[in-house]
Structures are given as structure tokens and as C-alpha cells.
Amino acid sequence: MWNDRVIAASDDTIVVEGNHYFPKESVETSFLRESRSKSLCLWKGVCSYYTVEVDGARNEDAAFYYARPSLLARRIKGRIAFWKGVRIEK
């Protein structure tokens, strides 16, 4: 949830380092905007970001994913995680 909207919903999340990685097909991608931001995790690989945008409000780089995760993190391939105020409800 962010800005009172459901961004993703799934019972099939994978938790890594406290972050819930949602299957991409369970994410409402109309709320995601590509970001140029990148970062490097030494064990997962290169991280890419999306900005979450709901009703004109933007949360920069609030969603992230690993397009080509390392072998150690291969189970999060094709999944998207959230942070920066995006609430995960169970």
C-alpha cells in the first residue's frame, strides 16, 4: 500500500533481508515508472529501481528489482520489492 492504493498483492512473496519480493505479475505496474537509479549489492548484483506514482504523487525509487541477480539470489529473479514508506500488510 502507498498513498491509499494497493500496489501489489500476493501470498507468494519471498522475504530477503526483511524485504518482500512480489512476483511481477502480482504488481500493478501502471503505478511504476522506470528510474535511472542503480545500486550494487555485493551478493545480489545490480539493483534497478522504479518510482511509484499514484494519483500524481511520486515516491522516487520506492520499488526495486534485480533483473539479473547473482546465483545466490536467483530466487528473486522476476520479482519486485518495495521500501521508502510503501506499507506491506499481511
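Student: Which residues are linked in a network of salt bridges?

Tutor: Arg33, Glu53, Arg58 and Glu60. The model is predicted, so to speak of local features a pLDDT of at least 70 is needed, side-chain atom pairs count only at pLDDT 80 or more, and totals for chains, interfaces and linings use all residues. Residues are numbered from 1 along each chain as its sequence is written, and side-chain values use heavy atoms, with hydrogens and water left out.

Student: What makes Arg33 and Glu53 a salt bridge?

Tutor: A salt bridge needs a side-chain nitrogen of Lys or Arg within 4 Å of a carboxyl oxygen of Asp or Glu. Arg33 and Glu53 meet at 3.5 Å, N to O. Therefore the pair counts as a salt bridge.

Student: Why is this pair said to tie together parts of the chain?

Tutor: Arg33 lies in strand E3 (residues 32-41) and Glu53 in strand E4, so the parts joined are 20 residues apart in sequence. Strands (E, at least two residues) are DSSP runs, numbered from the N terminus.

Student: How do you know that Glu60 and Arg58 form a salt bridge?

Tutor: Their side chains meet at 3.0 Å, N to O. The structure holds seven salt bridges.

Student: Why is Glu60 called partly exposed?

Tutor: Buried means under 20% relative accessible area, exposed over 50%, and partly exposed in between (1.4 Å probe, protein chains only). Glu60 has 39% relative accessibility, so it counts as partly exposed. Arg58, with 43%, is partly exposed too. So is Arg33, with 31%.

Student: Which salt bridge links distant parts of the chain?

Tutor: Asp12 and Arg79, whose side chains meet at 3.1 Å, N to O. Asp12 is in the segment before strand E1 (14-16) and Arg79 is in strand E6, 67 residues apart.

Student: Is Arg79 buried or exposed, and why?

Tutor: Arg79 has a relative accessible area of 11%, so it is buried. Asp12 has 42%, so it is partly exposed.

Student: What makes Tyr21 and Phe64 an edge-to-face pair?

Tutor: Rings of Phe, Tyr and Trp (its six-membered ring) pair if their centres lie within 6.5 Å; planes under 30 degrees apart count as stacked, over 60 as edge-to-face and the rest as tilted. Here the centres are 5.8 Å apart and the planes stand at 90 degrees, so the pair is edge-to-face. Tyr21 lies in strand E2 (residues 19-23) and Phe64 in strand E5, so parts 43 residues apart in sequence are tied together. Tyr21 and Phe64 are buried.

Student: Why is the pair of Tyr50 and Tyr65 called stacked?

Tutor: The centres are 4.9 Å apart, with 25 degrees between the planes. Tyr50 is buried, with a relative accessible area of 7%, and Tyr65 is buried, with 15%.

Student: Which residues form one aromatic cluster?

Tutor: Tyr21, Tyr49, Phe64 and Trp83.

Student: What makes a set of residues a nonpolar core?

Tutor: The members are buried Ala, Val, Leu, Ile, Met, Phe, Trp, Tyr and Cys residues, joined through side-chain atoms within 4.5 Å. The largest core here has 16 residues. Among those with the most contacts inside it are Ile7, Val27, Leu32 and Phe82. Strands E4 (45-54), E5 (57-65) and E6 (79-82) each give it two or more residues. Apart from it lies another core, of eleven residues, including Ile14, Tyr21, Phe64 and Ala73.

Student: Which residues is Leu32 in contact with, leaving aside its neighbours within four places in sequence?

Tutor: Val27, Tyr50, Thr51, Val52, Ala63, Ile80 and Phe82. Contact means heavy atoms within 4.5 Å.

Definitions and conventions
Helix = DSSP H or I, 4+ residues; strand = E, 2+ residues; numbered from the N terminus.
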